Amino acid sequence: MKIDLRKGLIRTAFAAMAAAASLGSASLAQAADIHLLWVQAMKDHPVHRLMQAGFLNKCKELGYTCEVVGDPSATNWDIPATLPLAEAALARTKYDAIGVYGPDPAIYSYISKLAKEGFPIVTWHVLPPEGTVQGLKAATGEDIAGAGQNAAVAIGEKLGGKGTVALTQGASNDTENAMSAAFRKTIAEKYPNIKVLDTQMEGFEPSAAEAKAVAILQGNPDVTAAFGTTGNSIQTWSGAARKAGRDVVIIGMDYIRQNLDLVKSGAAYGIVAQPLYEESAKVAELLGDLAQGKAVPYSNPLPARVITAADLDPYYKMLDNAGQ
């Protein structure tokens, strides 16, 4: 009787293992069948390549098949050149869900077009209020206002509560406008003896941006700090400070290797560690869930703290792992 019972238990255990193995194989097969498309203007910008690494590595981890398309430029934000590349990808491959990079509202009509065609759409790096972009299923990105606040506190404390700050953006867009506004508001509330100059657009072409920053320094001898809300701002301002012979407390965005090296060398003070890699990995998770018919939260904000020279090692390791 005991022997029969033991045999029965063994058969049950093997049956359970077989069922589990079958489910696992089925799960992997389903993951491999999921095709995700990532659409991003200015595809070869260093910051955008870091985003793509986060997306593609998460796709690999989850077993999804993923593709990146966008105009092959590092400096030219060209949506009209990007959309035909996306349409060509859609014509040759059946995708289950699409990520569309959304900092420029000019892309919103394309998001709505794809949604009407039945694609689940996720955007990242911006968090447009739910319902403002027709058809958009989810968004992930940094807490934009929080990033501006964190930069303001870091500069305010470093300056000891007094001085003049230059403020630059890559361009006028929802993300940078909101971050600059939060920065300016926090300085005004917490450090009334710090003046923030009018916001200037530095653009995305490095030499032109640096020339503008040099002009700002030459025209404002009282500037003691600079905050730039775009990925090249640290390079812009450190180059300008060197050429102008000025000692400037510099904070910019994005933990790409060039920026980490400038903070490590002392040429810049800190970086707002936008969760570029993390938010892009989140896009793969959200798109995969939507492709499988799962419900996801619409808004998925991630924190962005300011890092200085003492905080760099984990970010170098992240770039190493991303092949950057």
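Author: Let's begin with secondary structure. Helices (H or I, at least four residues) and strands (E, at least two) are DSSP runs, numbered from the N terminus. The chain here has 11 helices and 13 strands. The model is predicted, so local features need pLDDT of at least 70 and side-chain atom pairs count only at pLDDT 80 or more, while totals for chains, interfaces and linings use all residues. Residues are numbered from 1 along each chain as its sequence is written, and side-chain values use heavy atoms, with hydrogens and water left out.

Reader: What box do the C-alpha atoms of the chain fill?

Author: Along the principal axes, that box is roughly 90 × 50 × 35 Å.

Reader: What percentage of the residues in the chain is buried?

Author: Buried means under 20% relative accessible area, exposed over 50%, and partly exposed in between (1.4 Å probe, protein chains only). Of the 324 residues in this chain, 50% are buried. Accessible areas come from the Shrake-Rupley method with a 1.4 Å probe, and for residues only the protein chains shown count as cover. The chain exposes about 14,800 Å², and 55% of that is supplied by carbon and sulfur atoms.

Reader: And how should I read contacts?

Author: Contact means heavy atoms within 4.5 Å. Take the contacts in this chain with a separation of 6 or more: residues 24 or more positions apart account for 70% of them.

Reader: How many positive and negative side chains are there?

Author: Lys and Arg count as positive and Asp and Glu as negative, while His and the chain ends are not counted. The place of a charge is taken as NZ of Lys, CZ of Arg, CG of Asp or CD of Glu. This chain has 29 positive and 33 negative side chains, and the centres of the two sets lie 7 Å apart.

Reader: What about pockets and cavities?

Author: Both are found on a 1 Å grid over the protein atoms alone. A cavity is a set of points where a 1.4 Å probe fits but cannot get out; a pocket is an open set with protein on both sides within 12 Å along at least five of seven lines; and lining residues have an atom within 4 Å of a point. Grid points are joined across faces, edges and corners, and a volume is the space filled by probe spheres set on the points. The largest pocket here holds about 350 Å³ of space. It is lined by 22 residues, and the closest to its centre are Tyr101, Asn173, Glu176, Phe204 and Thr230. The elements giving two or more residues to this lining are α2 (46-62) and α6 (174-190), and α2 gives the most, with three residues.

Reader: How many cavities of 30 Å³ or more does the structure hold?

Author: There is one. The largest cavity has a volume of about 40 Å³, and the residues lining it include Val39, Trp77, Tyr101 and Ile107.

Reader: Where is Tyr101 found, and is Tyr101 buried or exposed?

Author: Tyr101 is in the loop between β3 (97-100) and α4 (108-116). Its relative accessible area is 7%, so Tyr101 counts as buried. Leaving aside neighbours within four places in sequence, Tyr101 is in contact with residues including His48, Met51, Trp124 and His125.

Reader: Which residues have a positive phi although not a glycine?

Author: Met42 has a positive phi of about 55°, and His125 has one of about 75°. Met42 sits in the loop between β1 (35-39) and α2, and is buried at 2% relative accessibility. His125 lies in the loop between β4 and β5, and is buried at 8%.

Reader: Is Gly170 buried or exposed, and what about Gly266?

Author: Gly170, in the loop between β6 (163-169) and α6, is buried at 4% relative accessibility. Gly266, in the loop between α9 (257-265) and β11 (270-272), is exposed at 57%. Not counting residues up to four places away in sequence, Gly170 touches Glu176, Glu202, Gly203, Phe204, Thr229 and Thr230.
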